[in-house]
Amino acid sequence: MPAAILALAVLSGCGGNSAPGAPAAEKASATADSQAKRHQIESVRADCMKQKGFTYIAFVPAPHKIGEEERKRDSGDYTAMKKWREKNGYGVFAFYVYPQEYANPMVEPEGGIPEDPNPNNKIQMSFSDTQREAYNGADRTCYQRAVKDATGKKIDSVDDYYEQANARSEQLATRELDGDPRLVELTVSMGNCLKNKGYPIGSTKPSALADRGRLKFEAEKKPLGERIPESMLKKMDMPEGARWEPNLTADQARPYLAREIKDALDDLKCGKDFYPAFTPGQIEVQQRAYQEFGL
């Protein structure tokens, strides 16, 4: 069977980050608030499922812990960012070249597959297709109710939940970062530098230019995955045209990563002054949006 969609797991990890420049008390308060909303969502979800005759165990993963190197990258530190990009590029195709480090589920981890910490996955594995479909339908309704109770947000699906949170993050970035005169000035300089190196530049808004490289290679990766059959889209609560993650070997992915690394290092060189000014604010905005959605 093709590998499952992995984007949501990545997004979940992002939600636990807080701005490196924020006061410790502020970061602790934001993390505590997000965790409280997650626990509330899971509690309501479990009660709702019980009322519908299904077993669901409230499960909230531990918050993502930020190490010193990641903290430096999040501050826009050139040396830390360069070290990471020299190996990982933007983190798109490195997922396949270094599957152990990225916990790529298509490759068995060294030492064997660890026990799944989420007990609900084990519960679903015991179901027949008919039972699983009924369970997922009930869970979708309960999840919608739980998110509404905890955050006031109306969602259609898990995918929609993350799309709304990301849209809110983009809205805040547009309002608070893209109009900043100093960032706009730095963006123009960075964009001109990239153009001189032969890179096509679309939008010159700070938030758009910061995401240019990653989105470029994400777009290149997407068509490499097989389309999810129509019969499975509804069961998986995925949108029309969704694809599986590409099932690339390390050798197949290396040529893509080599080009990605070159792009990422050129991008960083051109943005040496831009990233320290932009990245802390970008992370603070994303953290605030995800906190609002209980992520």
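Predicted model: local features only at pLDDT ≥ 70, side-chain atom pairs only at ≥ 80, totals over all residues.
**Lysine 37**

Setting aside neighbours within four places in sequence, I found lysine 37 in contact with Ala150, Thr151, Gln291, Glu292 and Gly294. Lysine 37 sits in helix α2. Is lysine 37 buried or exposed? I got a relative accessible area of 16% for lysine 37, so I noted it as buried, since the cut-off for buried is under 20%.

**Disulfides**

I took the link between cysteine 48 and cysteine 142, where the sulfur atoms are 2.1 Å apart. Which parts of the chain does this pair tie together? Cysteine 48 belongs to helix α2 (residues 24-51) and cysteine 142 to helix α7 (residues 129-151), so the link ties parts that are 94 residues apart in sequence. I read -75 degrees about the S-S bond of cysteine 48 and cysteine 142, and that link is left-handed. Both ends are tucked away: cysteine 48 is buried at 2% relative accessible area, and cysteine 142 is buried at 0%.

Then I went to cysteine 193 and cysteine 270, which are joined by a disulfide with an S to S distance of 2.1 Å. Cysteine 193 is in helix α9 (residues 181-196) and cysteine 270 in helix α13 (residues 250-270), so this pair ties together parts that are 77 residues apart in sequence. The torsion about the S-S bond of cysteine 193 and cysteine 270 is about -65 degrees, so I wrote down left-handed here too. Cysteine 193 counts as partly exposed, with 24% relative accessibility, whereas cysteine 270 counts as buried, with 11%.

I also numbered the bonded cysteines in sequence order, and the pairing came out as 1-2, 3-4.

In soluble globular proteins, nonpolar side chains tend to be buried together. The largest nonpolar core here has 32 residues, and the ones touching the most other members are Ile41, Tyr161, Met190, Leu194, Phe274, Tyr275 and Leu295. Elements giving two or more residues to this core include α2, α7, α8 (158-176) and α14 (274-292). Which element gives the largest share of this core? That is α14, with six residues.

Not counting residues up to four places away in sequence, leucine 194 touches Tyr199, Ile201, Leu209, Arg212, Asp266, Asp267 and Cys270.

I finished with a second, separate core of 13 residues, with Tyr90, Phe93, Ile261 and Ala264 among them.

Methods
Residues numbered from 1 in each chain as written. Heavy atoms only, no water. Disulfide = S-S within 2.5 Å. Helix = DSSP H or I, 4+ residues; strand = E, 2+ residues; numbered from the N terminus. Buried < 20%, exposed > 50% of the residue type's maximum accessible area, 1.4 Å probe, protein only. Contact = heavy atoms within 4.5 Å. Core = buried A, V, L, I, M, F, W, Y, C linked by side-chain atoms within 4.5 Å.
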